[in-house]
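Please follow the account below alongside the sequence and the three-dimensional view.

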Amino acid sequence: MLQDIFNPTRVTAQVGGKEVIFECGRLANQAHGAVWMQCGGTVVLVTVCSQPLEFDKGFFPLTVEYSEKMYAAGRIPGSFFRREIGRPSERETLVSRLIDRPIRPLFPKGLNEDVQVLASVISADQENESDVLALTGASAALMVSPLPFEGPVAGGRIGRVNGQFVLNPSFEQQAQSDLNILFAASRDALTMVEGDARFLSEDVIIEALDWGRKEIQPLIDAQLQLRELCGKAKMAFTPHEDDPALLARVHELAREAGIEDALRVPDKLERKDARKAVKGKVMEALKADPAWAENEAALKSVGDIIGDLEKKLVRARIVNEGTRIDGRDTKSVRPIQIQTGVLPRAHGSALFRRGETKSLVIATLGSSTDEQRMDSLTGDVTKRFMLHYNFPPYCVGEVKPVRVSRREIGHGALAEKSLRPILPADADFPFTLRVVAETMESNGSSSMAAVCGGSLSLMDAGVPVSAPVAGVAMGLIKEGEKFIVLTDILGDEDALGDMDFKIAGTADGVTGVQMDIKITGLTTDIMRAAMRQAREGRLHILAEMARAIAEPRKELSRFAPQHAEVFVNPDIIRLIIGPGGKNIKAITAATGASVDIEDSGRVSIFAPTAEALEKAREMVAYYDQRPDLGKNYLAKVRKVMEIGAIVEVLPNVEALVHVSQLDVNRVEQPGDVARLGEDMLVKVIEINGDRIRASRKAVLLEEQGHPWNPEETARPPRSDRGDRGDRHDRGGRGRDRGDRGDRGGRR
């Protein structure tokens, strides 16, 4: 039966003082699940489709793609092709990750389906954010689909304006907020957290998340109601269970092969080899056993069985002994080593090592022309601070194609948000800043190494940051009602644990958070314990960083761009630029400097060296010179008229030499004395605003031994001007109506 497009199934919820609409049946009815999400004039269409896997890929192939259609905001894409093509933007990638992270753990393990979730912004009102709608819509679409899904979850954004929490703040409110956290939550617990803050305490963050979880409960209720009204029957799913006999035999062989000793090897690569050796011994024993030698399915599952055993052994040791893989207790941070100024020509650099994780981080300064420009639903957006995180395959000893992954974009965005609050204001420090974190070696917490190294490299470059920032990744082992929080987790602890909670900040408060969990939710008690323990770790790391460099260097690197500001008369901006940008291009070509001019007359100059800066400053000032009264100038005759001559006394500064001031004797024809293009030595005898008068006569009298007397060179009386002193003499220049040098002493 066809669905009436005018009567879709609709459910509404009131959250944050706004109505959120869930609709099924209007669009994408051939998808396995589709929901129209609307708040105000913002609409996101979220669809879910799946198909059975032809073979086991060894992982759950969930694909989440969020896209923003430019027509949603009444805009045409700025690309050459004028359509949304190519790789997704950074924002689209980040929102795709925000949707993926809370829903992935809610699919049952072993689901043999290829699942695709697509979220498309098809209307944007410039007031209500689309990312939170997309997150909630993904859960709703999965709820009404046939796929098994342990939802619902809902998303929300928390801001804080004037000390008051705001749910899903508008763009205007976000600009006034000192908190911006996007989260996902179920009925009872948090499932994902991502955001930044301006030095807020851990208690404020916890209070905000607990408040936000309660505020979004109507979205949970609406999804359950929508499921009752238009949900499809869930597909049958039986979790995979290993053969008990095989399970017991593999466990026995693994223990005999030394699996417990292998998991106590502190070094990552040595531990990897030891674990590999254990698996090899188990496989040899099974292949030699007639009961299992011909059972390919059983042999194929050995790796997963050993992996599950390793997880149980490591978790049991932490819970029962309080001892981790590398021998640390649960609260210790791995040994830290720091070296600044590593790269001789970089503007700022730092090598940050924590355990077996090492990051080389470089800070580069540029001019405002280096800022990043992006096309978005809200219009053209510019960024003057960028942090790029790289995770090359060699950092974990692997061979893979080199490309920027979603993970790298996500980790870079987290580090960027964590460092942004400490940067100086654009007006005080007008440089564009780029930080690149090159992961040299990785064994957990590499994104937090990027935060620490980024802070160090900025200080090494001489950027006047307000305070250093450090970050630490927290883990979790939860067995029943008992839980243990781990500080500064290893890569294996991330894989074997239940949480990856990254927290960055200064000594005064939190600047960035990101949390992913592998269980169904995180309670407030666990969150509070993790954040308080993270603060202890962060303060320890900050103390180690202070030993390497306690404050920003007093001066910028000598290789960094040199900067100066010049203020000029706004009327001469067009002269500095020149026709078609000719003059400003000449300045850049001669000095290598970048010159940015504002309408107010503020000129920012960025040059590669101090010498180039001074030369560029002189070239800019060349177009903004002012003559001095009574001073002699070698001027060039630009125009000859009946009443006298127009001369250029300074670059782009013209003056009128009246016929009575051309010579000590009477001049009948100005052209007899003043010839176009020739030089003439004149004295400035009157400055009236931008109107200037000059005199050759005064110079000649001085040469004859008669000092200049302003009274003698004053304007002739009106009666003497007769047929010569017409209206052209009223300005600072003689000119006819068609003269381009109108009204002023400049043009």
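Strand β18 (residues 470–479) pairs with β20 in the antiparallel sense over six bridges, two strands counting as paired if DSSP finds at least two bridges between them. Within this pairing, Val 472 stands opposite Ile 503 of β20. Helices (H or I, at least four residues) and strands (E, at least two) are DSSP runs, numbered from the N terminus. The model is predicted: local features need pLDDT of at least 70, side-chain atom pairs count only at pLDDT 80 or more, and totals for chains, interfaces and linings use all residues. Residues are numbered from 1 along each chain as its sequence is written, and side-chain values use heavy atoms, with hydrogens and water left out.

Strand β20 also joins β21 (residues 510–517) through seven antiparallel bridges, and a hairpin of four residues links β20 to β21. Ala 504 has Gly 512 in β21 as its bridge partner.

In a regular strand, side chains alternate between the two faces of the sheet. In β20, Met 499, Phe 501, Ile 503 and Gly 505 on one side and Asp 500, Lys 502 and Ala 504 on the other are all buried, that is, under 20% relative accessible area (1.4 Å probe, protein chains only).

Elsewhere, six strands form an open sheet of mixed pairing, in the order β1-β2-β3-β4-β6-β5. Its edge strands, β1 (9–15) and β5 (62–68), each pair on one side only. β5 and β6 (residues 113–123) pair in the parallel sense over seven bridges, with Tyr 66 opposite Ala 119 of β6.

Methods:
Buried < 20%, exposed > 50% of the residue type's maximum accessible area, 1.4 Å probe, protein only.
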